[in-house]
Each structure stands twice: as C-alpha cells, then as structure tokens.
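Hi,

Here is the structure I said I would pass on. Have a look at it, and then read my notes below.

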Amino acid sequence: MTATTIEPERAATWLYVAGAATGMAIVGSSFAVLDTLRAYPQSGGQALRYAVGAVLLIALAGRRLPRLTARQLMRLALLAASGLAAFNLLVMAAEASMDPGSVGVIVAAVPVLLALAGPLQAGRRPERRVVGAAVMVAVGAAAVQGLGGEVTAEGLAAALGALAC
C-alpha cells in the first residue's frame, strides 16, 4: 500500500481556503448576536478589539512580520478604516433601526457582489457558475436568517454601506 502525499502548494491553498471559510463563518455568525450588542461602546469597543488583535498578531508572528513602507502603511490604515472599522460601525448602525436578521440577509449578499465585481475589475466577464453559487449562498442566508423584520430607510442605507465595505 502506498501513501499519497499532497503537494505543498495545494496544501497551502487548502489552508488558505480553510482560514477564509472560518473567517466568513465567524463574521456570519456575528449577526445572530447583534441584538445583544445594543449597549456596546461602538468606537471605543472597536478600538480595543483591534488593539488586542494587533498585540496578538505581533506576539504570534514575532520577528516574521515584514517591514512595511510608508505607502503600505497608508494602504493598511485605509483598509482598516474602510474594511474593518467602518463595516462594524455600519452594521451596528443598521441594527439600531432594523432587526439583526434583516441586516444579516443584506450583508450576506457580499458573495454576489464579489462574484460580479472581481472579474469586472479584472476586465473579464463574471462566470455564470460562480455567480450562481454566490446567489445560492445569499439565498441560503436569507432562508436561515429570514427577512421578516422591519426594514427602515436609515437601516437599509447603513446595511448597504456595510455591504459596500
């Protein structure tokens, strides 16, 4: 009997896929607890959260972290402001005037947005198979979370803003 081995590149790809899937599961599950965060100090809480994350990253990575240029630091700061902090603040703003399930369903459309925007940004046509799979993910989220609660204009605007992040 012979043992099969996995090529290192393929193993690394699966590791990245598993990490991305875990991250998405964590973000997706956060919508279930949004209602309990009404008294959460939004800006201060976000700052503390990211500070703890940075300390953990530095502690775990040690000396393996690359030295960033000023341009890379600026891009990282913009990413953190728009993609992380703004997303969370907009989600909490949306939840303040809508039910968490409705916010989750709107933000769950992100796979559709990525399936369309990625190829278009690269000058390619979106693949029907990928867009179809993304729509299935969004429909699944809608089925699980439900869109039966109250949807307000300000909550919808904040949820769409989070989707855009």
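**What I found**

The protein chain has 7 helices and 0 strands. Reading from the N terminus, the elements go α-α-α-α-α-α-α. Please keep in mind that this is a predicted model.

Some overall numbers to begin with. The protein chain has 165 residues, and 21% of them are buried. Its accessible surface comes to about 11800 Å², with 69% of that belonging to carbon and sulfur atoms. Take the contacts between residues at least 6 apart in sequence: 80% of these join residues at least 24 apart.

**Helix α4**

I'd start with α4, which covers residues 100-107. How many of the residues of α4 are buried? The count is 8 of 8, so this helix is mostly covered. By name, the buried residues are P100, G101, S102, V103, G104, V105, I106 and V107. As for what they pack against, the partners are α3, α5 (110-121), α6 and α7.

One of those partners, α6, spans residues 128-145. The axes of α4 and α6 are 9 Å apart, and the two helices pack at an angle of about 175°. Because that angle is over 145 degrees, α4 counts as roughly antiparallel to α6. On the α4 side, the residues in this contact are P100, G101, G104 and V105, and they meet A141, A142 and Q145 in α6. Sorted by class, the contact of α4 with α6 has 4 nonpolar residues, 3 polar ones and no charged ones.

**More on α6**

V144 is also found in helix α6. Is V144 buried or exposed? With a relative accessibility of 71%, V144 counts as exposed. The C-alpha atoms of V144 and G101 are 8.8 Å apart in space, while the two residues are 43 residues apart in sequence.

V131 is another residue of helix α6. Apart from its neighbours within four places in sequence, V131 is in contact with A115, L116 and P126. There is also a C-alpha distance to look at here: V131 and P111 are separated by 8.2 Å, and they are 20 residues apart along the chain.

N88 has a relative accessible area of 15%, so it is buried, the cut-off being under 20%. Which residues does N88 touch, once neighbours within four places in sequence are left aside? They are Q46, R49 and Y50.

A94 lies in helix α3 as well. Its relative accessible area is 0%, so A94 is buried. Leaving out neighbours within four places in sequence, A94 is in contact with V103, G155, A158 and A159. V103 is one of the buried residues of α4. A94 and A157 are 63 residues apart along the chain, yet their C-alpha atoms are separated by 7.6 Å.

**A buried loop residue**

T152 is in the loop between α6 and α7, the latter being residues 153-164. Is T152 buried or exposed? At a relative accessible area of 18%, T152 is buried, because the cut-off is under 20%. Not counting residues up to four places away in sequence, T152 touches S97 and M98.

**The salt bridge**

Finally, the charged pair. The structure holds 1 salt bridge. It joins the side chains of E127 and R129, with 3.1 Å from N to O. How exposed are these two residues? E127 is partly exposed, with a relative accessible area of 42%, and R129 counts as exposed at 65% relative accessibility.

After that, go to A94 in helix α3 and look at its contacts, including V103 and G155.

Cheers

Definitions and conventions: Residues are numbered from 1 along each chain as its sequence is written. This is a predicted model: local features need pLDDT of at least 70, side-chain atom pairs count only at pLDDT 80 or more; totals for chains, interfaces and linings use all residues. Side-chain values use heavy atoms; hydrogens and water are left out. A salt bridge is a side-chain nitrogen of Lys or Arg within 4 Å of a carboxyl oxygen of Asp or Glu. Buried means under 20% relative accessible area, exposed over 50%, partly exposed in between (1.4 Å probe, protein chains only). Helices (H or I, at least four residues) and strands (E, at least two) are DSSP runs, numbered from the N terminus. Contact means heavy atoms within 4.5 Å. Accessible areas come from the Shrake-Rupley method with a 1.4 Å probe; for residues, only the protein chains shown count as cover. Axes are lines fitted to C-alpha atoms, for helices over the stretch in contact, and angles run from 0 to 180 degrees between N-to-C directions. Angles under 35 degrees count as roughly parallel, over 145 as roughly antiparallel, 65 to 115 as roughly perpendicular and the rest as oblique. Ala, Val, Leu, Ile, Met, Phe, Trp, Tyr, Cys and Pro count as nonpolar, Asp, Glu, Lys and Arg as charged, and the others, Gly among them, as polar.
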